[in-house]
Amino acid sequence: MSDLCPVYAPFFSGMGCMSAMVFCAFGASYGTAKSSVGIAQTSILRPNDMVKNCIPVVMAGIIGIYGLVISVSISNSVKEIMPLYQSFMHLSAGLAVGLSGLAAGFAVGVIGDAGVRGTGQQPKLYVGMVLILIFAEVLGLYGLIVALIMTSRANQVSSSICGL
């Protein structure tokens, strides 16, 4: 063990893996729950539009997949002895996708709830709701892209730093 490869380095990679999955799951579950309330209420008045109005739930679920992708990517790179730089990059990548997924999930939930209720009263609002949902979803995608760049950069670090 050296100062560049301490025994506790894999802990930070594990925290990055956990952060990616947990925060994205929080965002996805909030987005699903919040928009489902609007879907249930709107389906009372317009039951034929229920499937069409499930778009926010699908988009919220995609946010959870972002966290899963980064968690798997990080967990495949964790080793017993690894450079501290690599593990900090894993933590940063997990936080990047996790927190942006949390924010995107909140946005999708609020927009989905209000948009579905508005669409129930005025069907012409549907295209606008979908457009706004896309812009909310892309916030999570930005976090995924940054996290993918960070994990690929972290995996370029050679284990020879640790004397292996």
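**Entry 1**

I began with D113, which counts as buried at 10% relative accessibility, where buried means under 20% relative accessible area, exposed over 50%, and partly exposed in between, with a 1.4 Å probe and protein chains only. Before going on I noted that this is a predicted model, in which local features need pLDDT of at least 70, side-chain atom pairs count only at pLDDT 80 or more, and totals for chains, interfaces and linings use all residues. I also noted that residues are numbered from 1 along each chain as its sequence is written, and that side-chain values use heavy atoms, with hydrogens and water left out.

How many salt bridges does the structure hold? I found 2 of them, taking a salt bridge as a side-chain nitrogen of Lys or Arg within 4 Å of a carboxyl oxygen of Asp or Glu. In one, the side chains of D113 and K34 meet with 3.7 Å from N to O. D113 lies in helix α3 and K34 in helix α1, so this pair ties together parts that are 79 residues apart in sequence; helices here are DSSP runs of H or I with at least four residues, strands are runs of E with at least two, and both are numbered from the N terminus. K34 itself is partly exposed, at 30% relative accessibility.

D113 also forms a salt bridge with R117, and there the closest N and O atoms are 2.7 Å apart. These two residues are 4 residues apart in helix α3, which means that about one helical turn separates them. R117 is partly exposed, with a relative accessible area of 31%. Through shared partners, the salt bridges join K34, D113 and R117 into one network.

I then looked up G112, which is found in helix α3 and is buried, with a relative accessible area of 0%. The C-alpha atoms of G112 and K34 are separated by 7.5 Å, although the two residues are 78 residues apart along the chain.

A93 lies in helix α3 and is buried, its relative accessible area being 0%. From A93 to I149 I read 8.3 Å, C-alpha to C-alpha, for two residues that are 56 residues apart in sequence.

**Entry 1: aromatic rings**

A search of the whole structure gave me 4 aromatic pairs. I used the rule that rings of Phe, Tyr and Trp (its six-membered ring) pair if their centres lie within 6.5 Å, with planes under 30 degrees apart counted as stacked, over 60 as edge-to-face and the rest as tilted. Y30 and F106 form a tilted pair, at 4.4 Å centre to centre and 35° between the planes. Y30 lies in helix α1 (residues 9–45) and F106 in helix α3 (residues 84–121), so the pair ties together parts that are 76 residues apart in sequence. Y30 counts as partly exposed at 31% relative accessibility, and F106 is partly exposed with a relative accessible area of 41%.

Elsewhere, ring pairs link Y8, F11, F12 and F88 into a cluster.

Which residue has its charged end over the ring of Y126? I found K52 there, with its charged end 4.7 Å from the ring centre; the rule asks that NZ of Lys or CZ of Arg be within 6 Å of the ring centre and within 35 degrees of the ring normal.

**Entry 2: a nonpolar patch**

On the surface I noted a nonpolar patch formed by V58, I62, I65, V69 and L148, with about 390 Å² of accessible area together. Patches are made of residues with over 30% relative accessible area and no salt bridge, like charges being joined within 9 Å and nonpolar side chains (Val, Leu, Ile, Met, Phe, Trp, Tyr) within 5 Å. Areas come from the Shrake-Rupley method with a 1.4 Å probe, and for residues only the protein chains shown count as cover. Helix α2 (residues 55–75) gives the largest share of the patch, 4 residues. I62 is found in helix α2 and counts as partly exposed at 32% relative accessibility.

**Entry 3: cysteines and R46**

I counted 0 disulfides, a disulfide being a pair of cysteine sulfur atoms within 2.5 Å. C17 is in no disulfide, and the nearest cysteine sulfur, that of C24, is 11 Å away. C54 counts as partly exposed at 27% relative accessibility.

Last, I placed R46 in the loop between α1 and α2, where R46 is partly exposed with a relative accessible area of 30%.
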